[in-house]
Amino acid sequence: MLNFVDSVNEAVSGIKDGSTVMIGGFGNAGQPFELIDALMDCGAKDLTVVNNNAGQGDQGLALLIKEGRVRKMICSFPRQSDSWHFDAKFHAGEIELELVPQGNLAERIRAAGAGIGGFFTPTGYGTMLAEGKETRIIDGRGQVFESPIHADVALIKALKADGVGNLVYRKTARNFGPIMAAAAKHTVVQVSEIVPTGGLDPENVVTPGIYVNSIVKVA
Amino acid sequence: MSTATSIQTSDKPLGRDALAELVARDIAPGSFVNLGIGQPTLVSNYLKPEQNITLHTENGMLGMGPEATGDQIDGDLINAGKIPVTELPGASYFHHADSFAIMRGGHLDICVLGAFQVSATGDLANWHTGAPDAIPAVGGAMDLATGAKDVFVMMTLLTREGASKIVDACTYPLTGVGCVTRVYTDKAVFLTGPDGVTVRETFGCTLEELQELVPVPLKTAE
């Protein structure tokens, strides 16, 4: 069921304590900042957050972490020059980290949306990130079993939506958006523009509306 | 003064830019290439248009152009190091799972990475020091190391303390096993593989002098 909502606060109002929330973006490109701010305001806590990073500076995801609302981060690159809030929580033992090679992160998200029960990948074989995981030699290469990552909610940013929820993105801001939209039970999208149904060329739709539940326009 | 062996191609060690120029010259025309963050990024400064190299960035783009300046800067168009870049004619965008399928699927000809250590058989350590208080962060390093057809490493041969970064076995946590095919350093270019280390050329030292710095047996092609 697709809803167009008037505010970001309304868009995230259904997020419950203990939810797994996927958040799109790589660096600032494609980060749904307004939706993250609304998640902050809605008060949900004990969250597991899936994002490539673990927050930067004093905004967005970094503030959620600072306020102790994130129980666990699943990400590929938590440490950055300005990831001080994550660093502090990690050193204090107040946040759990599941570190995943970036391609395994993306494919595990994709697998969830595609109904795949897991997959073998050469990435990470023979490294500490494969410790304790099932391995096989396939076609002469060592490979590691990786499981899908499902989510209750995805918060993503797209450029435009049409009336049935089809989405197009902009340049490298696409990044995790399409696969997170498919992987989550409930996908919330902030867009810059909503166009009438028929206003997007079907050949150019990147995320079909079937994956989208709530759309909010952010100026 | 010792006698220079025939594989010495420079009378002094190569600086970062000269090394980047050498890597760029060694990339076959028409290649699809991913340049890692840091020193490898310098290689893009020396790629010539007639080489027709297509650059891939892990955050979902082929056909990446030079760093953006002035009003070219667009927050939606960045590289893996989160630096604003430009797009070239023929560029394409795709989502993260497709971007890493390009890597893992063996579609990239070359990736160029930095390293802490490379073993004699091409094991790579470049993501984590393993220090107890270090926050590990891997990003796309393992995917690149595993997926590209050729993995080139650029690094100084020695640490600040003078230890060789080409080692018998890596002491830092591994990024990938047996993945590195070539190592470009300030003192030499090394080819690595199951049969050990072959020196292609040296800079500012003889093979014998190089062997004194590196704790694994060095061979030459002939």
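Two strands count as paired if DSSP finds at least two bridges between them. Helices (H or I, at least four residues) and strands (E, at least two) are DSSP runs, numbered from the N terminus. This is a predicted model, in which local features need pLDDT of at least 70 and side-chain atom pairs count only at pLDDT 80 or more, while totals for chains, interfaces and linings use all residues. Residues are numbered from 1 along each chain as its sequence is written, chains are lettered from A in the order in which they are written, and side-chain values use heavy atoms, with hydrogens and water left out.

**View 1. The hairpin of β3(B) and β4(B) has three residues between its strands.** Let us begin at the turn, where Gly60(B) adopts a positive phi near 105 degrees. Strand β3 (residues 54-57) of chain B runs antiparallel to β4(B), and two bridges join them. Look for His56(B), whose bridge partner in β4(B) is Leu62(B).

**View 2. Strand β4 of chain B also pairs with β5(B).** Four bridges link β4(B) to strand β5 (residues 85-93) in the antiparallel sense. Strand β4 (residues 61-67) is mostly covered, with five of its seven residues buried (under 20% relative accessible area, with a 1.4 Å probe and protein chains only).

**View 3. Three strands of chain B make an open sheet with mixed pairing.** Their order is β8-β7-β10, and the edge strands, β8 (124-125) and β10 (166-167), each pair on one side only. Strand β7 (residues 117-119) and β10(B) are parallel, paired over two bridges. Here you will find Ser119(B) opposite Val167(B).

**View 4. Helix α1 of chain B has buried residues covered by several strands.** In this helix (residues 16-26), the buried residues are Leu19(B), Ala20(B), Leu22(B), Val23(B) and Ala24(B). Their cover includes β6 (110-113), β9 (150-154), β11 (180-184), β12 (188-193) and β13 (196-203) of chain B.

**View 5. Stepping back, chain B holds four helices and 14 strands.** Its radius of gyration (taken over C-alpha atoms) is 18 Å, close to the 17 Å that the globule rule gives for 222 residues, so chain B is as compact as a globular protein of that length. That rule is 2.2 Å times the number of residues to the power 0.38. The C-alpha atoms fill a box of roughly 55 × 45 × 30 Å, taken along the principal axes. Of the 222 residues, 55% count as buried.

Notes
Buried < 20%, exposed > 50% of the residue type's maximum accessible area, 1.4 Å probe, protein only. Contact = heavy atoms within 4.5 Å.
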